[in-house]
Amino acid sequence: MATGRTVWGGMAMARLLQGSRFPSGQPRRYLNFKLDEKTAHCSLDLFKKETGVIYRTIGIDPTKAAKNPERFTDWAVVLADTPLSSGRHYWEVTVKRSQEFRIGVAETNMSREECIGADNCSWVYAYLQKKWYSMASSEMIPVDFFGKPDRVGFLLDCDVKTLSLIEIEKTAVVSTIMTEFRAPLVPAFALWDGELITHPCKDILQGI
């Protein structure tokens, strides 16, 4: 198994775990969250009872949007509404209708002028130009040997400070980011085309 390591900001570390299996017998909390409209950039619309987000080329005129200090102003980002500070949490996202997006976690108080993955308060997996990357502080590390399934999983462990990208069909860890999370965190999403649909807690993978 090939393993690559990169230090982010002198502290955080990314580790690629190609083909690893989920550890069994460890407690997980299946997350029941919605997307928080108050944080959504003006180019994003929520749908499916706030579990989906769609990118609009022509969004709401920012000057006509309700003033809200929680809203992202410069980037097409939306956060979930459920802060996480301990335990292990798993969720899935349908990605088949977007070709450029970022999915991960962010600190609840991250700057609303930054994009997730571009600062030291968020950690994401990015998909662009038909390739996956792990990303933090604008540093991108390629995730090799992984295509683009219709749906992918994410496993957050607040206690050991890891975020993993999951291949659902194989119940396998594709890549794991190891870093210095500072709680509380929320699931975070950015996209520049199409739509993403979250599946917080309905489908439980066997063996994880």
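Trainee: Where is the place of leucine 84?

Mentor: Keep in mind that this is a predicted model. Leucine 84 sits in the loop between β7 (77–79) and β8.

Trainee: Is leucine 84 buried or exposed?

Mentor: Compare the relative accessible area with the cut-off: buried means under 20%. Leucine 84 has 4%, so it counts as buried.

Trainee: And which residues is leucine 84 in contact with, leaving aside its neighbours within four places in sequence?

Mentor: Leu31, His89, Leu156, Cys158, Ala183, Pro184, Leu185 and Pro187. Take cysteine 158 from that list: it is 74 residues from leucine 84 in sequence, yet their C-alpha atoms are 7.6 Å apart in space.

Trainee: On to rings. How many aromatic pairs does the structure hold?

Mentor: Eight. To name the geometry, look at the angle between the ring planes: under 30 degrees is stacked, over 60 is edge-to-face, and the rest are tilted. Tryptophan 91 and phenylalanine 154 have ring centres 6.1 Å apart and planes at 25°, so that pair is stacked.

Trainee: Which parts does the pair tie together?

Mentor: Tryptophan 91 belongs to strand β8 (residues 88–94) and phenylalanine 154 to strand β13 (residues 151–157), so the pair ties together parts 63 residues apart in sequence. Tryptophan 91 is buried, at 0% relative accessibility, and phenylalanine 154 is buried at 0% too. Both also belong to one aromatic cluster, along with Phe33 and Phe189.

Trainee: What about tryptophan 132 and phenylalanine 146: is that pair stacked or tilted?

Mentor: Tilted, because the planes are at 40°; the ring centres are 5.6 Å apart. Tryptophan 132 is in strand β11 (residues 131–136), while phenylalanine 146 is in the loop between β12 (139–143) and β13, 14 residues apart. Both residues are buried.

Trainee: Now the sheet. What order do the strands have?

Mentor: The general idea comes first: strands of a sheet pair through backbone hydrogen bonds, either parallel or antiparallel. Here, six strands make an open sheet in the order β7-β16-β9-β10-β11-β12, with antiparallel pairing. At the edges, β7 and β12 each have a single partner strand, so one side of each lacks a neighbour in the sheet. From one strand to the next, the twist averages 20°.

Trainee: Which residue is the bridge partner of tyrosine 127 in β11?

Mentor: Tryptophan 132. Strand β10 (residues 122–128) and β11 pair in the antiparallel sense over five bridges. Tyrosine 127 also has lysine 148 over its face, at 5.6 Å from the ring centre.

Terms used. Residues are numbered from 1 along each chain as its sequence is written. This is a predicted model: local features need pLDDT of at least 70, side-chain atom pairs count only at pLDDT 80 or more; totals for chains, interfaces and linings use all residues. Side-chain values use heavy atoms; hydrogens and water are left out. Rings of Phe, Tyr and Trp (its six-membered ring) pair if their centres lie within 6.5 Å; planes under 30 degrees apart count as stacked, over 60 as edge-to-face and the rest as tilted. Helices (H or I, at least four residues) and strands (E, at least two) are DSSP runs, numbered from the N terminus. Buried means under 20% relative accessible area, exposed over 50%, partly exposed in between (1.4 Å probe, protein chains only). A charge sits over a ring if NZ of Lys or CZ of Arg is within 6 Å of the ring centre and within 35 degrees of the ring normal. Contact means heavy atoms within 4.5 Å. Two strands pair if DSSP finds at least two bridges between them. Axes are lines fitted to C-alpha atoms, for helices over the stretch in contact, and angles run from 0 to 180 degrees between N-to-C directions.
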